[in-house]
Amino acid sequence: MRLAEHSYGTIASIQGPLLFVEQVVSVRMGEVVKIHFPDGREMEGEVLKIEGDTVLVQLFGESRGLDVESTRVVFSDAVKQAPLSLEVLDRVYNGSFQPLDGMPMFIPERRVPVTGYPLNPVARARPEQFIETGFSTIDGLNTLVKGQKLPIFSSAGLPSREIAAGILKNARLAGAEEEGAQRFTVVFVALGLTYHEYSFYRRTLEQMRTSFVAFINLADDPVVERLLAPRFGLTVAEYLAFEHGMDVLVVITDMTNYCDALREVSTAREELPGRRGYPGYMYSDLASLYERAGRIKDLPGSVTQIPVVTMPEDDITHPIPDLTGYITEGQIVLSRELHQKGIFPPVDVLPSLSRLMQRGIGEGRTRKDHRKIANLLYKHYAKGRDLRSLEAIVGRDGMTEADRLMLDFAETFEKELVHQGSTRRDIQQTLDAGLALFARFKLEAG
């Protein structure tokens, strides 16, 4: 560790937001630097690559006004740190942790590196206890549990933005109305937003009933901020969860933009590309984010994650959803077919899965008959969906009465249980809606 900052005026070239600085000694990857412009301005940057005594620096902003003769680069010997305090709540920041809400920056209690520390596997507590999102297809059939990481797999043109907004507004802990409502907090990280999307989410944040912290990265912001924003969000989430006992739900949208930023930085570093041009270490990089979700034994508080992933070309085998699926504990899959039918949220429950659902449902958590109702809904809907292919061949008149009943059940299930528009349903309403479907079609309810 150095005892002083090092200042250099040995810039070899400037290429967009990239600076090549020569004759640098004692520098490390990820080190934060300050760039002093000739006109007196200052801007932060980060070390991306070290090759001999030449260092590649990425600016957190535009390089307009820089020149190689009079610009100075100061190496701080520190990695990026997040300022922490309870004053962070109910505020909106950009990808560099600067306020976007017009209020002054709070005075931090302390600062910690944004890279975080992995949870000790031995100290991890098993995810449990139900988090209600207000969507029947998630709460009733793919239940989200505290400490879980459950991604939403979307495609271009599908309403993942509206679903993320619905979760922001409606998510809460079961029983939070009576006790501990202040302990539930949402951390929202939005990456690569257009101004139209930014305006949409700002209106959503204004309608939230729970406390929140938001990090907003716009499409024209520096690409490095797109890599930093999720780490700032998770560092704040860990601070609120494990130092102040809060249950924190982290919603990150869209991880595809994050991975594209990762590819761009990797290209600037001249690294060998892996699948579809993404860096070979993308799996471990994604794991360094997703694995920060969890609970710790003997400590209150939890960090739960819902990352949104837009699948390029609707391809679930694309490296981004593929690697995400390896690390996380299930997935919520959106369907273009349901969306075209006008169903919202268009969640296809058959390929969707919550691997930890059993830890959050049942007597004392949701309801004693939750598992049985969910199983029967899956069973009858899967049969009805399967019969649609037979109907296309032989026609409805050529099918038995029992088969026509299942076809009608699948249709009604989509229109009345999956579809809920902007209405919020609690878990009791969801399970009662399932029982009502069984009663209407005279099906066994358990």
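This is a predicted model: local features need pLDDT of at least 70, side-chain atom pairs count only at pLDDT 80 or more; totals for chains, interfaces and linings use all residues.
**Exercise 1. Describe helix α4 on its own: its span, its cover and what follows it.**

Step 1: span. Helix α4 covers residues 223-244. That makes 22 residues, and the distance from the first C-alpha to the last is 32 Å. At 1.5 Å a residue, 32 Å is expected, so the span of α4 is close to expectation.

Step 2: cover. Of the 22 residues in α4, 20 are buried, so the helix is mostly covered.

Step 3: G245 follows α4. The phi of G245 is positive, near 70°.

**Exercise 2. Work out how α4 packs against α5.**

Step 1: recall what is needed. A packed helix pair is described by the angle between the axes and by the distance between them.

Step 2: get both values. Helix α5 runs over residues 255-268. Its axis and that of α4 come within 8 Å and cross at roughly 130°.

Step 3: classify the angle. Over 145 degrees would count as roughly antiparallel, and 65 to 115 as roughly perpendicular. The angle here is roughly 130°, so α4 and α5 are oblique to each other.

Step 4: The crossing of α4 past α5 is left-handed.

Step 5: list the contact residues. α4 supplies V223, R226, L227, P230 and R231. α5 supplies N257, Y258, A261, L262, E264 and V265. Sorted by class, the contact holds seven nonpolar, one polar and three charged residues.

**Exercise 3. Is I306 buried or exposed, and which residues does I306 touch?**

Step 1: I306 sits in strand β20, residues 302-310.

Step 2: apply the cut-off. Buried means under 20% relative accessible area. I306 has 4% relative accessibility, so I306 counts as buried.

Step 3: find the partners. Neighbours within four places in sequence are set aside. I306 then contacts L144, L150, I152, I167, L249, V250, V251 and I252.

Step 4: F212 is 94 residues from I306 in sequence. Their C-alpha atoms are 15 Å apart in space.

Definitions and conventions
Residues are numbered from 1 along each chain as its sequence is written. Side-chain values use heavy atoms; hydrogens and water are left out. Axes are lines fitted to C-alpha atoms, for helices over the stretch in contact, and angles run from 0 to 180 degrees between N-to-C directions. Helices (H or I, at least four residues) and strands (E, at least two) are DSSP runs, numbered from the N terminus. Angles under 35 degrees count as roughly parallel, over 145 as roughly antiparallel, 65 to 115 as roughly perpendicular and the rest as oblique. A crossing is left-handed if the near helix is turned anticlockwise from the far one by less than a right angle, and right-handed if clockwise. Contact means heavy atoms within 4.5 Å. Ala, Val, Leu, Ile, Met, Phe, Trp, Tyr, Cys and Pro count as nonpolar, Asp, Glu, Lys and Arg as charged, and the others, Gly among them, as polar. Buried means under 20% relative accessible area, exposed over 50%, partly exposed in between (1.4 Å probe, protein chains only).
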